[in-house]
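Please prepare a short briefing on one strand and on the aromatic rings of this structure. Keep it to whole sentences, grouped by topic.

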Amino acid sequence: MTAFNGFGDKALPFLKALGFHQDRDWFAENKALYESEVKGPLGDLVEAVSGRFQAEGVPLRGSRKTSLYRVYRDVRFSKNKDPYNTHASALMTRTGTKKDNGFVYVHISNERSFIASGFYGLDGPQLRAFRDLIVRESDAMRRLVKAMEKHGFTLDMSESLKRTPRGFDDVTDDDVLTWLRLQHFTFIDEIDNGIVPTPELADRMVRLGSLSVPFLDFGWRAIDPLRDEPAS
């Protein structure tokens, strides 16, 4: 099993410097530092957590080849033409690819580091299916949310709609109305950057992933009928 010993002491300083040096020549000169201090440890983190998930029966996996987001930004449709991301991130899913939903995500930066689990960016039919399941099985949803809250995790409400989506006019339960206004269904574990250079970061990912399995199973029941291919 791959070991994760934490990011190096130069990881966050490198990402900070990259914010000041959005220059391809500078990055080329310092790419070896990026590979050793950021990309390499991030790959170790994903593979170490993937191994622990497998051992604990958590149906999420990943690898350094399929789970890491690129440092290069896609600037084709952005007003911001900076070529590089100043954070490091990775996504672990049932298939091990970043195209799947229902995940554990890790995000490391000087501004904010966090771990997230749940569902983000569902397409229209998937989002409707998720909301329909919430209405049909509101008691189950309530139990899942309360179980996560007992461990200190609450659904992220930061991108909630101001109004209830169409088609749910008959719903009167306040909790259900709150959930229906969500555009994403995620639990967040905010990470102090003092943890980033330590193995505790892997422990926090494993804990959130393990606790999230019942909620992930709930969401997968909603969206799986709409999948193009079955999860393996």
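Strand S3 (residues 113-119) is largely enclosed by the rest of the structure, because 7 of its 7 residues are buried. Buried means under 20% relative accessible area, with exposed being over 50% and partly exposed in between (1.4 Å probe, protein chains only). Strands (E, at least two residues) and helices (H or I, at least four) are DSSP runs, numbered from the N terminus. This is a predicted model in which local features need pLDDT of at least 70 and side-chain atom pairs count only at pLDDT 80 or more, while totals for chains, interfaces and linings use all residues. Residues are numbered from 1 along each chain as its sequence is written, and side-chain values use heavy atoms, with hydrogens and water left out.

- Two strands pair if DSSP finds at least two bridges between them.
- S3 pairs with strand S2 (residues 103-108) in the antiparallel sense, over 5 bridges.
- Tyr105 has Ala116 in S3 as its bridge partner.
- There are 4 residues between S2 and S3, and the two strands form a hairpin.
- S3 also pairs with strand S4 (residues 185-191), in the antiparallel sense and over 7 bridges.
- Opposite Ile115 stands Asp189 in S4.

**Aromatic pairs**

- Rings of Phe, Tyr and Trp (its six-membered ring) pair if their centres lie within 6.5 Å; planes under 30 degrees apart count as stacked, over 60 as edge-to-face and the rest as tilted.
- By this rule the count is 17 aromatic pairs.
- Phe4 and Phe7 are an edge-to-face pair, because their ring centres are 5.9 Å apart and their planes are at 75°.
- Phe4 counts as buried at 8% relative accessibility, and Phe7 counts as buried at 3%.
- Phe187 and Phe215 are also edge-to-face, because their ring centres are 5.1 Å apart and their planes are at 85°.
- This pair links distant parts of the chain, with Phe187 in strand S4 and Phe215 in helix H6 (residues 200-223), 28 residues apart.
- Phe187 and Phe215 are both buried.
- One aromatic cluster is formed by Phe119, Phe130, Phe185, Phe187, Phe215, Phe218 and Trp220.

**Charges over rings**

- A charge sits over a ring if NZ of Lys or CZ of Arg is within 6 Å of the ring centre and within 35 degrees of the ring normal.
- Arg112 lies over the face of Phe114, at 4.2 Å from the ring centre.
- Lys98 lies over the face of Tyr69, at 5.5 Å from the ring centre.
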